[in-house]
Amino acid sequence: MITWPLPRSFRRHPVRPPDSGIARRKSIWERLHLDPWLLAMLLVLMASGLIVLYSASGQRIEVVIAQATRFGLALVVMFTLAQLSPTTFLRWAPLAYGVGLAMLVAVEIVGDIGMGAKRWLEIPGVIRFQPSEMMKLAVPLMVSAYLNRCQLPPRLRDLVVCAIIIGVPVVLTAIQPDLGTSLLIASAAVLVVLLAGLSWRLIAFFAALAGAALPLLWMNMHNYQRQRVLTFLDPDSDPLGSGWNIIQSTTAIGSGGIWGKGWLEGTQSQLEFLPERHTDFIIAVLGEEFGLVGMTVLLVLYTLIISRGLWLAAGSQATFGRLFAGSIILTFFIYVFVNVGMVSGILPVVGVPLPLVSYGGTSSVTLLAGFGILMSIHAHRRLLSR
Amino acid sequence: MRKRRDTLKNAEQELRIFRVRSLLAIVFVLILTGVLTGRLAYLQIVQHDLYTTRSEKNRVRVEPLPPTRGLIFDRNGVLLAENRPTYNLTLVRERVDDLDETLALLVELLELPEEEIEAFNVRSRQRQRPFQPALLMSDLSEDQIARLAVNRHRLPGVEVEAQLLRYYPDSEIMSHALGYVGRINADELKELDTGRYAGTHFIGKTGVERFYEEELHGEAGFRKVETNARGRVLRELGRTDPVPGQNLTLTLDKSMQALAYELMDGRRGSIVAIMPATGEILAMVSTPGFDTNQFVTGIDVASYRGLQEDIDLPLFNRAIRGHYPAGSTIKPFMALAGLIEGAITPDTTINDPGYYQLPNDSRRYRNWLRWGHGRVNLERALAVSNNTYFYSLAHDLGIDNIHEQLSNFGFGQRVAFDVQGESTGLLPSREWKRERFNQAWYPGETLSVGIGQGYLQITPLQLASATATLANRGHWVKPHLARRIGGEPLPEVLPDTLDDIQLSNDGWWDRVFSGMEKVLSGSEGTARRTGAGLEYRMGGKSGTAQVFSLGQDQRYNADQLEERLRDHALFMAFAPIEDPQIAVSVIVENAGGGSTHAAHLARAMTDAWLLRDQAPEAEEILDEMNDESTGVEGN
């Protein structure tokens, strides 16, 4: 069935005597395979998200209920994944990657065209989803699994293999075209390689290479993508067209001041000047209504979640778990940074939602699935190390 | 064993690498979070004021509240200009998904010709503030409104807006006197106080509407409203109500105006009637008229060209801009000039052989009656309209005195207080001729002016105004159209009123009046047929004005000339003589057959004003005139 040489790979890992765990009675959290701190912070984040969403949706409670339902579903996915052993993920990685790749190809052939890009795959009446979303997890999973077999820091041959594993889905996603997602997939996977110990010389080399490739990227961009970049550089050049979003979002945030205009009191948000206010630009609603204080609290919460996640990743003794968990949590940060950066006008507008706050089902499920795997890795660290 | 050691060492090394890298990652995360926080602090603290202003500007819109234009009534309170609600089609581009499709659908729904798409395109693409509606079409019909309502769901961004539009119930009768409003054009926009005219689309273009624009317009109000991004008004934050324009009561009498218009019976010409005691203009008609209402909504090109190219010049306001030779209607004023200057007394007589000759000149200046009127005094000269008497008088007076005295009666200048676009006419003088032709004044030209020909050109309004002054025994009252502005009457003495005219013997007025009465009531009077059956004492003077001058001793047959080369018929009159209530001037272009036509119309006007309900209707008068043979009644 699965030809992956598991035992060998496990034997490589060090046998560390557990500190004290085995002897001690397992707590309820340990039995549930959940990290209480991380879970608590995620729940606080989601609850805050729902409060902001109520305001951002124009006070439509049904939107909040729909989002809460998705959170519920996503939490179930997280809990379920947390129960599985990391071994399972390791074993399934190639399968998930292969299936994902096949679906990306399928999208290219039979995919639905929505908003000018082929992104969706639909089995009529059953399900409709974006395979690229799944690849956000499947690609770093695959790279982690591959590097798990190798000696670290990775040698050149391993890096070439990694580059192929990463490159194929990234290119397939980019030609949909969905540059934002393809870059996120790439960065999640590249983070795995970085965490695995890519040498600084190579990092510098690739950074230089990327810089040199920028003009090439520009030449291959679609017009609307170039427009976004141009608008980012000078939003006032087209205030009613593509600059509208960024002008309105910075206006919303800036007018919020230190303390904000108060919940449900933001004129930019409530009077619909702010576009995409309950999805990608929801942070502007928070900024307008809760001010710098609310923004800082949110950023601190995100930082705490990321720190806790990295802490948990570092606690794992298995290479696979560490790399994957680390990549998940840092990707989470990239989402936050890119989203807040674009809404506040220091990054170009790319379609990246604010994790667990923006309205939307797929991304919540993907994110909490990632946290589920992270918790599984944490909860099963002793299991792995045995 | 060694291998195991290696793997162990490797594992430790891997863990160490990972921990170093995650530590770096945390540092990186903190730095980037710091960058974000810095950016947010910059927006929310440093630039807070800027963005607060921006967000207020977004949210709060100042909307002008245009004032309601004042209504215009005639002297009896009959509504002459009102504001009617009409429905306009507007479009907000930002809310339209597919502009071309929407425009095509509108053209289809409104059943407009295909060419309208182009016009729609132009109007809808005019650059303006975001979310400002662009006007596509005004004055929708009930049917069109209904069809738009049914298809509303297919037309996002398209609205039907109610608007008050000027409407003139008797537009043709009132066309020139009242004028009309029209859309503010680019030139007018440059001159306007944009604050006062915010939200106002119309401005008075001609006539009373133009002259009293300031009073009729009122003051614009404003309201601050909160709007959402789609421009929908959510609530009002504050407002200053507009001050509606003042209502205007005119001196015009709609029934007199209507009568005058009907009397003209489609001919070209003008009738002006003034109350001598007050200077109130009762009627001021120029025919043909036109429907001013079509100028309010914007006249279509074809109709406008039709009006412009009409040979009868319906857009031309003859009453105030038409230049006519005064003809013999100048004679009473010439007589008064002679009395004032002492060139004649009422008892001065001359002998008329049928012509006049200047000393040392063989040229004969003819009386209209070839064989002459014999002995003629002032009264008879007026009654029979003797030319020789006035040639002689003109020669005695000289052009300088004539110019001075006639200008005292208002000729050669604008006479009315509030008549927009009045022309000065032409009262010739030596200086004028030198300037105009660089020629000296010839004595023969003085003779022409003496019988109202030559260079002299008057407007119907000037003739009526001079007649009123004459009827007033020289007391000047400036003619005007407004009676009350917003309930306030006009000042008794209007600015720039001319000085009263004094005769050395006040009884001489009666002698002039007597001559004028004999025009209508005397056995020799040139308008004796018109004067038949008068129930009051009426004074008048007939006149015919040659359209082109004829050579010496040349007679012409009216039938041989084109209708348009026939003489103009003029008449000036006032009544009753002892207490003048009305002064009238009538000019019928190319009437032919002497002055009878104009005299009949003048009498119809005085009858209507003095006898009220007993006066004959316009139709009866016209029928009677058609039955009469147009016998020669003189000059």
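1. A residue is called buried here if 20 or more other C-beta atoms lie within 10 Å of its own. The model is predicted. On that criterion, buried residues make up 43% of the 635 residues in chain B.

2. Chain B contains 23 helices and 23 strands. Of its contacts with a separation of 6 or more, 72% are between residues 24 or more positions apart.

3. Turning to the interface, 39 residues of chain B are in contact with 45 residues of chain A. On the chain B side, two elements give two or more residues each: helix H1 (2–46) and helix H2 (48–59) of chain B. The largest share, 25 residues, comes from H1(B).

4. In chain A, one helix pair deserves a comment. The axes of helix H6 (residues 131–149) and helix H14 (residues 319–343) of chain A come within 8 Å and cross at roughly 150°. Because angles over 145 degrees count as roughly antiparallel, H6(A) is roughly antiparallel to H14(A). The crossing of H6(A) past H14(A) is right-handed.

5. The residues that make this helix contact are as follows. H6(A) gives Pro140(A), Leu141(A), Ser144(A), Ala145(A), Leu147(A) and Asn148(A). H14(A) gives Thr319(A), Phe320(A), Leu323(A), Phe324(A) and Ser327(A). By class, the contact has seven nonpolar, four polar and no charged residues.

6. Chain B has an open sheet of five strands in the order E14-E13-E23-E22-E21, with antiparallel pairing. Its edge strands are E14 (280–287) and E21 (539–545) of chain B, each of which pairs on one side only. From one strand to the next, the twist averages 5°.

7. Within this sheet, strand E22 (residues 568–575) and strand E23 (residues 582–588) of chain B run antiparallel and are joined by seven bridges. Ala569(B) has Val588(B) in E23(B) as its bridge partner. Helix H19 (residues 460–471) of chain B packs on the sheet and touches E13 (269–275), E14, E22 and E23 of chain B. The direction of H19(B) makes about 150° with that of E23(B).

8. E14(B) pairs with E13(B) in the antiparallel sense over seven bridges, and Val285(B) in E14(B) stands opposite Ile271(B). The hairpin of these two strands has four residues between them, and in it Gly279(B) takes a positive phi near 80°.

9. Strand E12 (residues 248–250) and strand E19 (residues 482–485) of chain B pair in the antiparallel sense over three bridges, with Arg484(B) in E19(B) as the bridge partner of Thr249(B). E19(B) is also joined by two bridges to strand E20 (residues 488–489) of chain B, again in an antiparallel arrangement. There, the bridge partner of Arg484(B) is Pro489(B) in E20(B). Two residues lie between the strands in the hairpin of E19(B) and E20(B), where Gly486(B) takes a positive phi near 55°.

Note on methods: Residues are numbered from 1 along each chain as its sequence is written. Chains are lettered from A and ligands numbered from 1 in the order in which they are written. This is a predicted model: local features need pLDDT of at least 70, side-chain atom pairs count only at pLDDT 80 or more; totals for chains, interfaces and linings use all residues. A residue is buried if 20 or more other C-beta atoms lie within 10 Å of its own, exposed if 12 or fewer, and partly exposed in between; C-beta atoms are placed from the backbone. Two residues are in contact if their C-beta atoms, placed from the backbone, lie within 7 Å. Two strands pair if DSSP finds at least two bridges between them. Axes are lines fitted to C-alpha atoms, for helices over the stretch in contact, and angles run from 0 to 180 degrees between N-to-C directions. Angles under 35 degrees count as roughly parallel, over 145 as roughly antiparallel, 65 to 115 as roughly perpendicular and the rest as oblique. A crossing is left-handed if the near helix is turned anticlockwise from the far one by less than a right angle, and right-handed if clockwise. Ala, Val, Leu, Ile, Met, Phe, Trp, Tyr, Cys and Pro count as nonpolar, Asp, Glu, Lys and Arg as charged, and the others, Gly among them, as polar.
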